[in-house]
Amino acid sequence: MYTFKHGVHPDEQKELAKDKVIKVVKAGKVLVFPVQQHIGAKAKPCVKAGDSVLVGQIIAEADGFISANVLSSVSGKVTAIENRLTVSGQKVESIVVENDEKYDAIEGFGIERDFNSLSNDEIIKIVKNAGIVGLGGANFPTHVKLTPKDPDKIEYVLVNGAECEPYLTSDYRLMLEETETLVKGLQCILKLFPKAKGIICIEDNKKDAYEKITKACSSIANIETAIMKTKYPQGGERQLIFAITGRKINVSMLPADAGCIVDNVDTVVSIGNAVCKSTPLLRRIMTISGDAFNETANLNVRFGISYKDVIDAAGGFKTNPEKVVSGGPMMGIPMYDFDVPVSKGSSALLAFTKDPLAKSKETNCINCGRCVSACPIYLLPTRMYKAAKKDNFEEYIRLNGTECITCGSCSYVCPARKPLTPYFSYMKSAVRTYLNNKKEKENVK
Amino acid sequence: MDIKLNVQSSPHVRDSVSTSSIMLDVIISMLPATAWGILRFGLNAALVVIVSIVVAVLSETIFNIIIKKPNTISDLSCVVTGLILGLNMPPNVPLFIPVVGSVFAIVIVKMLFGGLGQNFMNPALAGRCFCVISFASYMNNFQSTMSVDTFTSATPLIVLKNGQEVDLLKMFFGYIPGTIGEISTICLLLGAIYLIVKKVIDLRIPLVYIFTFVIFIMLFSKGNTTNVNYIMGEVLGGGLIFGAFYMATDYVTAPITPLGKVLYGIVLGVLTGLFRIYGKSGESVSFVILMSNLLVPLIESITMPAAFGKDGK
């Protein structure tokens with residue numbers, strides 16, 4: 001069985017929502033589309049207040065090499081382009097659309113297509129126009145990922161079906177319910193990389209999905225499936241590549257440098273939908289779970305719908321939660337306001353009646369080394385933490401702190417309850433600023 | 001919005017293991033050895049252990065009151081220190097010795113350096129060594145006040161130094177003179193297994209330590225290279241098992257790097273071998289661990305692990 005070294009085993013809690021069939025959420029009256037839902041440059045709005053828009057219409061265009069289109073998920077009228085709060089806590093320029101509930105779509109929407117009849121450039125163009133970004137967490141524009149410097153050097157296309165975050169079951173449901181689209185999507189990608197082998201990688205806590213997919217692609221020569229040990233963060237790009245191919249990449253490298261393209265299950269399904277069904281990326285599958293909800297669910301949510309409406313659609317809270325998280329419990333964003341739109345990064349909504357962190361007290365580090373044994377990047381988190389607390393950037397860099405993937409494993413195991421990961425997240429940008437300043441100073445000299 | 005939410009950043013879940021649960025596991029692991037010591041040596045041994053622990057807890061409390069800091073005894077680390085110190089005492093020492101040892105261990109070695117996690121030496125061992133130096137006659141007297149006739153008062157290491165054979169079975173099951181906690185190998189191993197199962201200790205340090213030590217004495221102890229009785233006697237005697245599994249593995253004073261743990265074990269094994277063969281006193285484990293504690297920063301600096309994919313392969 002494939003796996004990586006170190007990592008942690010948080011309580012999986014997938015039973016809560018794994019058998020809930022994906023249900024579509026009805027959109028409300030007003031939908032909000034931030035122009036930045038991806039890594040890279042923000043998209044440039046190409047509509048103005050008063051314009052009519054259709055389902056699938058590009059309302060903000062990719063601006064720059066690493067950027068992605070933003071599409072309207074409903075038909076209606078643009079009422080405003082203004083700064084709106086997003087789930088990250090930042091205010092971002094957003095296009096507000098009033099839903100006319102007619103769902104009139106753009107021309108050609110939903111028409112079946114055979115990917116074999118399309119050229120590689122056409123496939124990449126379709127992916128770009130469909131606004132597809134990596135739906136695993138980083139939201140990196142997919143069309144950029146699909147155009148590496150040398151396509152002939154790609155040996156593996158890995159479909160990331162690890163879904164290693166506890167509670168999350170949306171990828172699992174997709175693998176079961178959209179098996180065919182998933183395989184089609186992978187075939188579309190493989191068409192771009194004729195020398196590559198496609199491998200759909202699944203953790204062993206989703207054996208039924210593994211078996212279903214294995215069966216579905218048994219007659220396809222260049223697609224295989226792989227089963228991996230259930231361990232967090234198996235779904236991390238670097239951990240996945242290592243588990244399957246034995247190759248290691250560092251923070252400054254791309255998967256393509258190791259001959260790999262890695263795409264999340266939902267990303268590949270979205271490619272399948274866009275290429276073979278002319279349906280661009282307009283929705284996110286969200287897991288609704290946690291003990292504060294009346295009911296758990298897996299929901300198909302159009303982008304732009306408010307989290308408030310998602311909570312209502314799920315049946316509301318049983319009791320007032322102490323903590324609500326957008327995303328998984330290991331890397332998700334804590335929420336303080338539900339009046340924010342669902343966007344490309346919204347993988348789940350979890351609500352907990354008790355926050356285990358609320359009463360935990362930070363104590364002295366006892367040098368137990370649990371963080372060292374947990375770190376999938378083989379770092380020394382406790383030493384990095386000490387350097388980070390003192391803003392000792394040189395020491396932090398010497399300790400390879402810049403390699404940290406902020407997966408949260410060290411914080412998870414720390415018996416002294418140190419806020420390790422938050423400090424490392426902060427250091428990511430702080431080190432960059434420090435190095436830029438240092439360079440400037442040297443240039444002045 | 002009418003609901004107040006916590007917004008502490010990710011991860012939002014935590015493992016159940018905490019500092020105090022780790023310390024509790026360490027205490028539980030030493031209970032068999034403690035019980036056996038008290039059973040063998042009687043009331044004074046029990047008093048020594050109790051006094052060590054109580055004074056350790058009191059010292060930490062009073063120190064915290066004086067420097068106006070919140071009390072830290074709930075992490076249970078001072079109980080562990082007191083217990084290890086007590087188990088490192090001969091059974092019939094006068095009770096003022098564990099008092100002095102505990103105060104020294106907690107106040108001087110631990111709290112003055114910033115409390116738990118900040119000390120560069122193992123507090124219990126430093127306390128013991130302080131007592132050995134200060135009260136040598138008491139600390140080296142293993143004459144038990146009870147059941148004198150069931151065993152001789154010479155420790156196995158002295159017997160071995162005199163070129164005689166030791167009774168390995170008696171050593172294994174704990175029918176030998178020694179400090180309260182070190183005498184029964186089986187009790188110590190039971191506790192060690194508990195610590196390994198609960199994932200509290202890493203096997204690298206104790207195994208490399210003992211293995212290196214065995215190789216060293218086989219190589220340098222003239223005439224005893226293949227003397228099984230001698231080698232096993234050296235391994236089971238002199239608190240080596242106690243030291244290797246319970247004191248060399250002390251988190252605070254051992255290296256944190258995976259390779260560093262191996263190197264640390266080698267250093268411990270070589271130094272213990274040197275002291276045992278060429279030293280005058282047999283009691284070397286405590287001093288060796290303390291000396292090696294001082295080498296830890298050096299060991300760590302040369303064993304930094306290579307980050308994942310750093311070389312791009």
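## A helix pair in chain B

Let's start with helix H12 (residues 240-247) and helix H14 (residues 285-302) of chain B, which pack at an angle of about 30° with their axes 9 Å apart. Angles under 35 degrees count as roughly parallel, so H12(B) is roughly parallel to H14(B). The crossing of H12(B) over H14(B) is right-handed. Bear in mind throughout that this is a predicted model.

Which residues do the touching? On the H12(B) side they are B:Leu240, B:Gly243 and B:Met247, and they meet B:Val285, B:Ser286 and B:Ile289 of H14(B). Sorted by class, that contact comes out as four nonpolar and two polar residues, with no charged ones.

## How chain B divides

Where they meet, domain 1 of chain B puts in 27 residues and domain 2 of chain B puts in 14.

On the domain 1 side of that contact in chain B, the elements giving two or more residues are helix H1 (19-41), helix H2 (43-66), helix H3 (77-87) and helix H5 (123-134). H1(B) gives the most, with eight residues. The class tally for this side of domain 1 of chain B is 18 nonpolar, six polar and three charged residues.

## How chain A divides

Chain A gets three domains in its assignment: domain 1 (1-26 + 115-359), domain 2 (27-99) and domain 3 (370-444). Between the centres of domain 1 of chain A and domain 2 of chain A, taken over C-alpha atoms, there are 23 Å. Their contact involves 30 residues of domain 1 of chain A and 28 residues of domain 2 of chain A. The domain 1 side of it in chain A has 13 nonpolar, nine polar and eight charged residues.

## A helix pair in chain A

Now for helix H1 (residues 120-129) and helix H7 (residues 265-277) of chain A, which pack at an angle of about 115° with their axes 9 Å apart. That is why H1(A) and H7(A) count as roughly perpendicular to each other. The crossing of these two, H1(A) and H7(A), is right-handed.

H1(A) makes the contact through A:Ile123, A:Ile126 and A:Val127, while H7(A) uses A:Ile271, A:Ala274 and A:Val275. In this contact of H1(A) with H7(A), the class count is six nonpolar residues, with no polar and no charged ones.

What is the bridge partner of A:Ile58 in E6(A)? That would be A:Leu71.

## Where the chains meet

Finally, the contact between the two chains takes 52 residues from chain A and 34 residues from chain B. On the chain A side, strand E15 (323-326), helix H12 (409-413) and helix H13 (420-444) of chain A are the elements that give two or more residues. By class, the side of chain A that touches chain B has 31 nonpolar, 13 polar and eight charged residues.

Technical notes:
Residues are numbered from 1 along each chain as its sequence is written. Chains are lettered from A and ligands numbered from 1 in the order in which they are written. This is a predicted model: local features need pLDDT of at least 70, side-chain atom pairs count only at pLDDT 80 or more; totals for chains, interfaces and linings use all residues. Two residues are in contact if their C-beta atoms, placed from the backbone, lie within 7 Å. Helices (H or I, at least four residues) and strands (E, at least two) are DSSP runs, numbered from the N terminus. Ala, Val, Leu, Ile, Met, Phe, Trp, Tyr, Cys and Pro count as nonpolar, Asp, Glu, Lys and Arg as charged, and the others, Gly among them, as polar. Axes are lines fitted to C-alpha atoms, for helices over the stretch in contact, and angles run from 0 to 180 degrees between N-to-C directions. Angles under 35 degrees count as roughly parallel, over 145 as roughly antiparallel, 65 to 115 as roughly perpendicular and the rest as oblique. A crossing is left-handed if the near helix is turned anticlockwise from the far one by less than a right angle, and right-handed if clockwise. Two strands pair if DSSP finds at least two bridges between them. Domain bounds come from an automatic or database domain assignment.
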